[in-house]
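Let's take a walk through this fold together, one region at a time. Please have the structure open so that you can follow along.

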Amino acid sequence: INNNDKNNRCKVEQYHIKYSTEEDYINPLTLEDGKITVIVPQENTEIEGRIRYQGFESWSPWISSDAPLKEKQTGEEIGFLLPIIIGSVFALAVVILIIYLVVSRKRSQLKYDAEKAEGNTDESKKLNNQMEEKITKNT
């Protein structure tokens with residue numbers, strides 16, 4: 001029976017263990033390394049247990065060795081996934097930004113090349129204007 005070491009507010013008053021035809025009430029102060037050891041007559045003996053906390057008259061629900069309760073995942077157990085998720089999102093954002101910059105640069109380069117082929121660039125217009133001015137001055 002795990003009394004959940006993260007639970008600091010409620011202290012265990014007593015453990016109630018049932019197995020075969022035996023029934024034991026165990027004081028938590030008598031536990032060795034926080035473990036309850038029972039000797040059972042057969043290997044497949046079902047062991048049931050429950051906890052009573054200090055200040056409460058009622059017992060916790062029974063748990064069984066045949067059907068133990070599954071603990072909910074806590075933040076600590078999920079915590080190792082958080083950096084992976086954040087890193088993946090960040091990497092995806094960087095890749096999208098790089099793709100956007102490359103595509104926009106390609107587009108502007110293609111637009112410039114198309115204007116250059118037609119002779120419609122600002123530089124070519126200025127050069128044409130300068131040439132026209134020189135021609136008109138010389139004549």
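Is Ser20 buried, exposed or partly exposed? Ser20 is partly exposed, with a relative accessible area of 44%. Here buried means under 20% relative accessible area, exposed means over 50%, and partly exposed is in between (1.4 Å probe, protein chains only).

Before we go further, a word on what you are looking at. This is a predicted model, in which local features need pLDDT of at least 70 and side-chain atom pairs count only at pLDDT 80 or more, while totals for chains, interfaces and linings use all residues. Residues are numbered from 1 along each chain as its sequence is written, and side-chain values use heavy atoms, with hydrogens and water left out.

Now the overall plan. The protein chain has three helices and four strands, and from the N terminus on its elements run β-β-β-β-α-α-α. Both kinds of element are DSSP runs, numbered from the N terminus: helices are H or I with at least four residues, and strands are E with at least two. Of the 139 residues in the protein chain, buried residues make up 11%. The accessible surface of the protein chain is about 12300 Å², and carbon and sulfur atoms account for 55% of that surface. These areas come from the Shrake-Rupley method with a 1.4 Å probe, and for residues only the protein chains shown count as cover.

Let's turn to the sheet. Four strands form an open sheet in the order β2-β1-β3-β4, with antiparallel pairing. Its edge strands are β2 and β4 (63–64), each of which pairs on one side only. Two strands count as paired if DSSP finds at least two bridges between them. Strands of a sheet pair through backbone hydrogen bonds, either parallel or antiparallel.

Follow the pairs one by one. β1 and strand β2 (residues 22–26) are joined in the antiparallel sense over five bridges, and Tyr15 stands opposite Ile26 in β2. The hairpin of β1 and β2 has two residues between the strands, and this brings us back to Ser20. Ser20 sits in the loop between β1 and β2, and its phi is near 50°, a positive value in a residue other than glycine.

What joins the side chains of Arg52 and Glu13? They meet in a salt bridge, with 3.3 Å from N to O. The term stands for a side-chain nitrogen of Lys or Arg within 4 Å of a carboxyl oxygen of Asp or Glu, and by this rule the count comes to one salt bridge. Arg52 lies in strand β3 (residues 47–53) and Glu13 in strand β1 (residues 12–19), so the pair ties together parts that are 39 residues apart in sequence. Side chains of opposite charge can pair when their charged atoms come close. Arg52 is buried, with a relative accessible area of 17%, whereas Glu13 is partly exposed at 35%.

Leaving aside neighbours within four places in sequence, Arg52 is in contact (heavy atoms within 4.5 Å) with Val12, Glu13, Gln14, Glu57, Ser58 and Trp59.

Two loops are worth a stop. Ile36 is found in the loop between β2 and β3 and counts as partly exposed at 26% relative accessibility. Beyond its neighbours within four places in sequence, Ile36 is in contact with Tyr15, Ile17, Ile26 and Leu31. Asp66, in the loop between β4 and α1 (75–79), is exposed, with a relative accessible area of 57%.

Finally, look at the surface. Phe80, Leu81, Ile84, Ile85 and Val89 form a nonpolar patch with about 500 Å² of accessible area together. Patches are made of residues with over 30% relative accessible area and no salt bridge; like charges are joined within 9 Å, and nonpolar side chains (Val, Leu, Ile, Met, Phe, Trp, Tyr) within 5 Å. Leu81 belongs to helix α2 (residues 81–118) and is partly exposed, with a relative accessible area of 38%.
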